[in-house]
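Please look over the sequence and the 3D structure below. The report that follows takes them part by part.

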Amino acid sequence: MAELIVAFDLPSGREALALADRLPRLRWAKVGPTLFVREGPALVREFTARGVRVFLDLKWHDIPNTVTGAVAAARELGVAMATVHCLGGFAMLQAAAGAAGDLALVGVTVLTSHASADFEQVMGRGVPDLGFEAERLARAALHAGLRGVVASGEEVGLLREALGADPWIVVPGIRLPTDGTDDQARTVSPEDAVRRGATHLVVGRPITAAREPRGIYERLLEAM
Ligand code: C5P
């Protein structure tokens, strides 16, 4: 059974908790850089005290020692899942995995904001196939001991086939047929994401901007 994660991309902790109050079946909250820089560990503690698991999405990419420290701090704080960036390199991924304990670390492969040309500029070489790059980085992440990866709805099927049944594949950019796409270029329905092998679906604006967030949350659960 796949899990539904709500991305709390809201300007303040007050607004985030007000939304959480309206979602009685909330199990996972994704906290990103804006909310974390504003509210810090107190908000993570508040979610966990309510029985909500926190996905801390700060996409760490630094020297192994620094990332290891961040992962250990997140684990001590009670964070359930966190992201590191696969381009930080194998030594960094391995060190991070070694500090994770029961925190599930997942690796970001290719940013969804990167088209081939952007990624070629970063790598300094031709990149004819972004799916190939995502698979290459995902294999490195799992070999280093990570629990899984973050992928777009387009890559999830390919990655599930390449990586086997066990790894977590966390998929953002989920939209119901009635939703707009916002700024997401590659969206996928909850049914298709699960069918293609996603274990965790990340949904932000369709819930955070809804007039009836609870109704949308329930519809997403039903579709999954
Ligand atoms: O509002 P929406 O449903 O588009 O939010 C998707 C969430 O997933 C946002 O918090 C965004 O930062 C995050 N995300 C993403 N693409 C990635 C990784 C994370 O959209 N590759």
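## T66 and its helix

T66 sits in helix α4, residues 64-77. Helices here are DSSP runs of H or I with at least four residues, strands are runs of E with at least two, and both are numbered from the N terminus. T66 is partly exposed, at 39% relative accessible area. T66 and M92 are 26 residues apart in sequence, and their C-alpha atoms are 9.0 Å apart in space.

## About the model

This is a predicted model, in which local features need pLDDT of at least 70, side-chain atom pairs count only at pLDDT 80 or more, and totals for chains, interfaces and linings use all residues. Residues are numbered from 1 along each chain as its sequence is written, and side-chain values use heavy atoms, with hydrogens and water left out.

## Helix α1: two sides

Which residues of helix α1 are buried? In this helix, residues 13-21, they are G13, A16, L17, L19 and A20. Seen down the axis of α1, the buried residues fall within an arc of 155 degrees, so they line one face of the helix. That arc is taken from the directions from the helix axis to the C-beta atoms. On the other side of α1, R14 and D21 are exposed.

What do the buried residues of α1 pack against? Their partners are α2 (33-39), α3 (41-49), α10 (205-208) and α11 (213-223). Contact means heavy atoms within 4.5 Å.

## Residues around α1

P213 lies in helix α11. It counts as buried, at 1% relative accessibility. Leaving aside neighbours within four places in sequence, P213 is in contact with L19, R22, L23 and I207. P213 and P128 are 85 residues apart in sequence and 40 Å apart in space, C-alpha to C-alpha.

R50 is found in the loop between α3 and β3. It is partly exposed, with a relative accessible area of 36%. Beyond neighbours within four places in sequence, R50 is in contact with L17, A20 and D21. R50 and A20 are 30 residues apart along the chain, with 9.5 Å between their C-alpha atoms.

G40 belongs to the loop between α2 and α3. At 12% relative accessibility, G40 counts as buried. G40 and V170 are 130 residues apart along the chain, and 23 Å separates their C-alpha atoms.

## The nonpolar cores

In soluble globular proteins, nonpolar side chains tend to be buried together. A nonpolar core is a set of buried Ala, Val, Leu, Ile, Met, Phe, Trp, Tyr and Cys residues joined through side-chain atoms within 4.5 Å. The largest core here has 68 residues, and F8, L26, F47, V84 and L105 touch the most other members. Helix α5 (residues 90-100) gives the largest share of this core, six residues. Apart from this core lies another, of 13 residues, among them W28, V150, W168 and V170.

What does F47 touch? Not counting residues up to four places away in sequence, F47 touches F8, A16, L17, A20, L26, A29, V31, V52 and V54.

## The largest pocket

The largest pocket has a volume of about 740 Å³. On a 1 Å grid over the protein atoms alone, a pocket is an open set of points where a 1.4 Å probe fits, with protein on both sides within 12 Å along at least five of seven lines; lining residues have an atom within 4 Å of a point. Points are joined across faces, edges and corners, and the volume is the space filled by probe spheres set on them. Of the 32 lining residues, K30, K59, T112, P172 and Q184 are the closest to the centre. Two or more lining residues come from each of β3 (53-60) and β8 (200-203). The largest share, four residues, comes from β3.

K59 is placed in strand β3. It is partly exposed, at 33% relative accessible area. Its phi is near 45 degrees, a positive value in a residue other than glycine. K30 lies in strand β2, residues 28-31. K30 is buried, with a relative accessible area of 10%. Setting aside neighbours within four places in sequence, K30 is in contact with I5, V6, A7, F8, F55, D57 and V202.

Notes. Buried means under 20% relative accessible area, exposed over 50%, partly exposed in between (1.4 Å probe, protein chains only).
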